[in-house]
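Read the paragraphs below alongside the sequence and the 3D view. They go through the structure one region at a time.

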Amino acid sequence: MKNFLRRFLLIDLLQGLWVTFRNQDPKLVITEQYPSQRPAVSERYRGAPRLNVHPATQETLCISCNLCAIACPENLIVVGSVRNPETKRKDLITFTYDLSRCMFCGLCEDACPVDALELTQDFEIASYTREGLIWDRQALEEGPRPTQYRQ
Amino acid sequence: MTSIDANELVLNMGPQHPSTHGVLRIVLKLDGERVKSTECIIGYLHRGVEKIGENRTYVQFAPYVDRMDYLAAVSNGLGYCLAVEKLMNSVAPPRAQAVRVILTELNRISSHLLWLGTHALDIGAITPLFYTLREREEVLKIFENYCGARLTTHAFRIGGLQYELYDGFEQQVNTFCDQFPAKVDEYEELLSGNRIWRERLRGVGVLDAATCKRYGVTGPMLRAAGVPWDLRKAQPYSGYEQYEFDVPTRTSGDTLDRYFVRLDEMRQSVRIVRQAIANIPTGPIMAKIAKVIKPPVGEAYVSIEAPKGELGYFIVSDGTIHPYRLRVRPPSFVNLQALDYMAKGALVADVVAIIGTIDIVLGEVDR
Amino acid sequence: MATVPWDGAIPELLREHLGPAVLDTLLYLDQPFAVLSLTAMLPALELLHAEAGFDYLVDITAVDYPKRECRFDLVYIVYSHSRNERVRLKAQVPVGQKPLSAVPVFLGANWLEREVFDMFGLEFAGHPNLCRILMPDEWSGFPLRKDYGITQMDNTWVQNNLGIESGQ
């Protein structure tokens, strides 16, 4: 008789429904209201690349060793440099990074011996054209500039 | 194939279908609502990962491995690193092994959570999806804090780990382990006693143990059929022999039993994580391995217990920096062969339940 | 390869029934494998399945050595639940020769052999439905062979079916 009542009065379905109602409490809402609330990504997040400059002299930290280009699985980094006859070191001229094929795997960041190439926490890197995703040295040093919409 | 039966309807569950979990095309031959035979057509997501493997160095290939079974990227990475380490005849240090176990088990939980959400969604229960994704968010936050990416993690390197543990890792994992078993009970409360759930899943897609072995089916499907076989117990790797956990099995091998097996696996994974995080050994995180990975000429097959089944890597090395042949044995590919056997005589709605219960990820089926 | 001879119950069983067709039984990095002649492959699988308890076919794959006379290396990996052992069986296949299909012994060989056919062009005699599985059905060319370029495509197929001129 008890079993029949359980089935007839839909007790098992009501039990599940009670779980759903319990979770309707507004305190349990975890939705992030993007774009007014940007997510706080972690420190190690592999986002947009950036070529770091020395904070004091504003000179690039890159020594044109080409290790990042060798490490990249997709071969999308091209480093252009010229050897300086006075200091006997290589000077960086151009640095091209094809973001459209980048997997954000972090192998280039791991390979860089001087921490010049770094994958930052920027994730808003969309562009309207394919060519806009091929970043040259200036774009890499400045970082992406997403359009700021009014709050 | 040349005669046409007037009572037979050929229905195409095309590559674009919300319930096929990816680009899977199934041609159903129906007699009314009953399925007479099915034919799977795959290859819509074939990216040539094995060919790419022959053209990249061992270190460069590691990010590609995440993208095969993209829901269990950490597991894929573990299998690949173990295979190359076997060829190089080196072993990761104990600290690296413990962290690898923690991250892999968390990945198993996240893969099963997504499976549960999408499987319930296919059956018609929309609510569990939100709750499982909410829990999965916590696991993905741990991955993001550790290696910088949520889905395609590239967490492990050949020889050990790249990143040291971050401050607050133990605290975050312990908080997750404390609140997670209650959530699994919440899913059980929603689904296990529900008569609609039981009617939809009981007796559907039965695969007994002998047929499982003949098809080569592994993973939770084999365990639901009654065979208590788990590669973490049978051929332990990466320090799994130190941890105490059960291998959940059920008897009848139908869809409902696979649901129970995967729920129990989530609970056992929490148990393993708790044991591992309680005593992570100190020491180096990377083994003494050459900078340029050039394994000696030879071949090796290493397999792990991925969330979907036995994931194996067969690597043939010819002494150069590129692998000569890199074969991935995908569990979903082999498990999907059993779909035809399971779907004979079932209704069309049952076919959806069966596809969900095999737990396929097309990235792995097609590579 | 720095191999070590493999002795034990299973090599003895193979040599007893197949005799000279078992060319070598070796261990590399503690993983046993046996090199057989091609005609002995299906009998070896049947033998291991029936008498040694190898009830689970793990994988079938092939390796391409274009400079060798017998171009392909066909590899079967089988596992026994009762013994908890995994064994690799290898055979060399020249171009044009058709190995016998293992589907009568292991049902799981169906798609695995289709994939080897699709990627390498190795046809299996007696397979119930040998057609391409990952590549489109009318594709010509076998992608995993070493003479197939990494960016090479079947341009006729692409043009007819996708309507684009060139792939890249």
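In what order do the three strands of the open sheet in chain A stand? The order is β2-β3-β5 (chain A), and the pairing is antiparallel. Helices (H or I, at least four residues) and strands (E, at least two) are DSSP runs, numbered from the N terminus, and two strands pair if DSSP finds at least two bridges between them. At the edges stand β2 (77-83) and β5 (134-135) of chain A; each has a single partner strand, so one side of each is left without a neighbour in the sheet. Strand β3 (residues 90-98) of chain A is joined to β5(A) by two bridges, and the two run antiparallel. A:D98 has A:I134 in β5(A) as its bridge partner.

This is a predicted model, in which local features need pLDDT of at least 70 and side-chain atom pairs count only at pLDDT 80 or more, while totals for chains, interfaces and linings use all residues. Residues are numbered from 1 along each chain as its sequence is written, and chains are lettered from A and ligands numbered from 1 in the order in which they are written.

The predictor's confidence in each residue is the pLDDT, from 0 to 100. Chain A averages 84, and 98% of the residues score at least 70.

Chain B touches chain A through 19 residues from chain B and 19 residues from chain A; two residues are in contact if their C-beta atoms, placed from the backbone, lie within 7 Å. On the side of chain B, the elements that give two or more residues are α2 (58-66), α5 (127-147) and α6 (169-191) of chain B. The largest share, five residues, comes from α5(B).

Chain B also holds a hairpin of β7(B) and β8(B), with five residues between the strands, where B:G319 takes a positive phi near 90°. Six bridges connect strand β7 (residues 309-317) of chain B with β8(B) in an antiparallel run, and B:Y313 stands opposite B:V328 in β8(B). Six of the seven residues of strand β8 (residues 323-329) of chain B are buried, so this strand is largely enclosed by the rest of the structure. A residue is buried if 20 or more other C-beta atoms lie within 10 Å of its own, with C-beta atoms placed from the backbone.

In chain C, eight of the nine residues of strand β4 (residues 56-64) of chain C are buried, so β4(C) is largely enclosed by the rest of the structure.

Key:
A residue is buried if 20 or more other C-beta atoms lie within 10 Å of its own, exposed if 12 or fewer, and partly exposed in between; C-beta atoms are placed from the backbone.
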